[in-house]
Amino acid sequence: VTVDNTDTVLASGTTGTIGKSVTINDGAILAAGGEVTIGKATVTTATIFNSGSIFSWDLASTPKDDADGGVRGTDYDALNTASLGVTTDAIFRVVLQGSQDFSATFWDSDRTWANIFKTGDAGSALDFESIFSGEIEYYNSSGLVGNMNTSGRSFTIDGTTLTWSAVPAPTS
């Protein structure tokens with residue numbers, strides 16, 4: 001399956017399986033549960049994100065990370081795939097449900113998600129750092145939230161882990 005610009009591949013409902021390899025081209029989007037629905041998608045072979053392609057990662061309106069007992073496919077989008085293609089400059093789009101904008105107290109602490117991309121539910125976590133070297137975007141139901149890096153708060157990808165770094169608490 002090849003997905004071209006401005007097209008979106010959605011898993012139907014909260015889960016879905018694609019029985020072929022998937023190539024997401026420049027401008028196209030892979031959304032695991034749907035454009036604003038959290039879910040888990042399965043690609044039975046390889047998933048390739050070409051330069052400029054987008055993975056849309058939805059996060060629940062009451063966010064949870066791994067340390068809070070967050071469940072992949074329920075509290076945040078997840079993708080099971082046999083492998084991730086070796087590409088660069090794809091875009092990782094963080095989509096907050098509703099009108100969230102990083103002002104909730106949840107975002108005042110550092111957070112981590114280490115199992116977004118796996119070989120299967122009981123499989124190994126996949127390294128996605130080099131693939132999503134294009135940028136990390138921030139959206140909610142109103143559209144682009146803005147670049148959180150300008151306020152010192154940001155997501156980063158390191159190997160198999162997505163990390164939120166909060167603004168350090170001021171000292172007196």
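Let me begin with S165, which sits in strand β15, residues 161–165. Please keep in mind that this is a predicted model. Is S165 buried, exposed or partly exposed? It is partly exposed, since its relative accessible area is 27%, and the buried class stops under 20% while the exposed class starts over 50%.

What does S165 touch, apart from its neighbours within four places in sequence? Its contacts there are D110, G152, R153 and S154.

Now the chain as a whole. It has 15 strands and 0 helices. Of its 172 residues, 50% are buried. If we take contacts between residues at least 6 apart in sequence, 71% of them join residues at least 24 apart. The accessible surface is about 7,700 Å², and carbon and sulfur atoms account for 49% of that.

Next, the charged pairs. Side chains of opposite charge can pair when their charged atoms come close. How many salt bridges are there? The count is 5, and I will go through some of them.

One of them joins K40 and D121, with 2.8 Å between the closest N and O atoms. K40 is in strand β6, residues 40–49, and D121 is in the loop between β11 and β12, so this pair links distant parts of the chain, 81 residues apart. K40 is buried at 18% relative accessible area, whereas D121 is partly exposed at 47%. K40 and D121 also belong to a network of salt bridges that includes R72.

Another salt bridge is R93 with E137, again with a closest N to O distance of 2.8 Å. R93 lies in strand β9, residues 91–96, and E137 in strand β12, so the pair ties together parts 44 residues apart in sequence. Here R93 is buried, at 14%, and E137 counts as buried too, at 13%.

The last pair I'll show brings us back to where we began. R153, a contact of S165, forms a salt bridge with D108, at 3.8 Å from N to O. R153 is in the loop between β13 and β14, and D108 is in the loop between β9 and β10, so the pair ties together parts 45 residues apart in sequence. R153 is buried, with a relative accessible area of 12%, while D108 is partly exposed at 47%.

That's what I have; questions are welcome.

How values were computed
Residues numbered from 1 in each chain as written. Predicted model: local features only at pLDDT ≥ 70, side-chain atom pairs only at ≥ 80, totals over all residues. Heavy atoms only, no water. Helix = DSSP H or I, 4+ residues; strand = E, 2+ residues; numbered from the N terminus. Buried < 20%, exposed > 50% of the residue type's maximum accessible area, 1.4 Å probe, protein only. Contact = heavy atoms within 4.5 Å. Areas by Shrake-Rupley, 256 points an atom, 1.4 Å probe, with all protein chains shown as cover. Salt bridge = Lys/Arg side-chain N within 4 Å of Asp/Glu carboxyl O.
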